[in-house]
Amino acid sequence: MNPEQLRERAWSPSVPPEPLPSVHPVATPVRVLLAEDDRELRLLLATALRRDGYEVLEARDANHLLELMGDALVSGGRAPADVVVSDIRMPGRSGLELLAGLRRDDWATPVVLITAFGDPETHAEAYRLGADAVLDKPLDVDDLRVVVQTLASMRG
């Protein structure tokens, strides 16, 4: 509406007000792709992240996560993920293999790996492949929430 139309509306009580355009567009929620083969843990983590306002897509393993990424790419509009959270040991492809493939294909999406087998060699390999964080199980959900929040706040 131009200023003249606004003045007309202000003086015409019979015309219902129109909603004004938003000065600050609503931000797109951060999308987290979560791959965890343990159904209960996946549900717990997804619930915690959703409560923090994230859009969470759940995958039962790394191959399913890649399917979700492909579906998001085909549907277009936005990046398939702003943050990826993946278990390391899962049936089929491991979280380390997933990470290596993403980095090999030049995906810069932040990746958080979680593992019940957090020996120094696994951590070193994860960071060498380009992980942004590695968290050990038993997992403190609040630690994951802080890491995801930090990585999400750095997205461009």
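**The charged network and its surroundings**

Reply: Salt bridges link Glu36, Asp87 and Lys137 in a network; a salt bridge here is a side-chain nitrogen of Lys or Arg within 4 Å of a carboxyl oxygen of Asp or Glu. The model is predicted, so local features need pLDDT of at least 70 and side-chain atom pairs count only at pLDDT 80 or more, while totals for chains, interfaces and linings use all residues. Numbering starts from 1 along each chain as its sequence is written, and side-chain values use heavy atoms, with hydrogens and water left out.

Helices (H or I, at least four residues) and strands (E, at least two) are DSSP runs numbered from the N terminus. Aspartate 87 is buried at 3% relative accessibility, whereas lysine 137 is partly exposed at 22%. Buried means under 20% relative accessible area, exposed over 50%, and partly exposed in between (1.4 Å probe, protein chains only).

Aspartate 87 also has a place in the strand pairing: its bridge partner in E4 is isoleucine 114. E3 and E4 pair in the parallel sense over four bridges, where pairing requires at least two DSSP bridges between two strands. E4 is mostly covered, with five of its five residues buried. Val111, Leu113 and Thr115 point one way from this strand, and Val112 and Ile114 point the other way. In a regular strand the side chains alternate between the two faces of the sheet.

The sheet itself is open, has five strands in the order E2-E1-E3-E4-E5, and is paired in parallel. Strand E2 (55-59) and E5 are its edges, each pairing on one side only. Neighbouring strands are turned by 20° against each other on average, direction ignored. Strand E1 (residues 31-35) pairs with E2 in the parallel sense over five bridges, and leucine 34 has glutamate 58 as its bridge partner in E2. Helix H3 (residues 62-75) packs on the sheet and touches E1, E2 and E3, its direction making about 155° with that of E1. H6 packs on the sheet as well, touching E1, E3, strand E4 (111-115) and E5, and its direction makes about 150° with that of E3. Contact means heavy atoms within 4.5 Å; axes are lines fitted to C-alpha atoms, for helices over the stretch in contact, and angles run from 0 to 180 degrees between N-to-C directions.

Next, the nonpolar packing. The largest nonpolar core has 23 residues, and those touching the most other members are Val32, Leu45, Tyr54, Val85, Val112, Leu144 and Val148. Such a core is a set of buried Ala, Val, Leu, Ile, Met, Phe, Trp, Tyr and Cys residues joined through side-chain atoms within 4.5 Å. E1, helix H2 (39-51), E3, E4, E5 and H6 each give two or more residues to this core. H6 supplies the largest share, six residues. Leaving aside neighbours within four places in sequence, tyrosine 54 is in contact with Val30, Val32, Leu49, Val148, Gln149 and Ala152. A second, separate core of 22 residues includes Ala35, Leu68, Met69 and Val84.

Arginine 50 is partly exposed at 37%, and glutamate 58 is partly exposed at 27%. Arginine 103 and aspartate 132 form another, with the closest N and O atoms 3.3 Å apart. Arginine 103 lies in helix H4 (residues 95-104) and aspartate 132 in the loop between helix H5 (120-129) and E5, so the pair ties together parts that are 29 residues apart in sequence. Arginine 103 is partly exposed at 21%, as is aspartate 132 at 37%. The whole structure holds nine salt bridges.

As for the overall fold, the protein has six helices and five strands, following the pattern α-β-α-β-α-β-α-β-α-β-α along the sequence. Of its 156 residues, 40% are buried. Among contacts between residues at least 6 apart in sequence, 62% join residues at least 24 apart.
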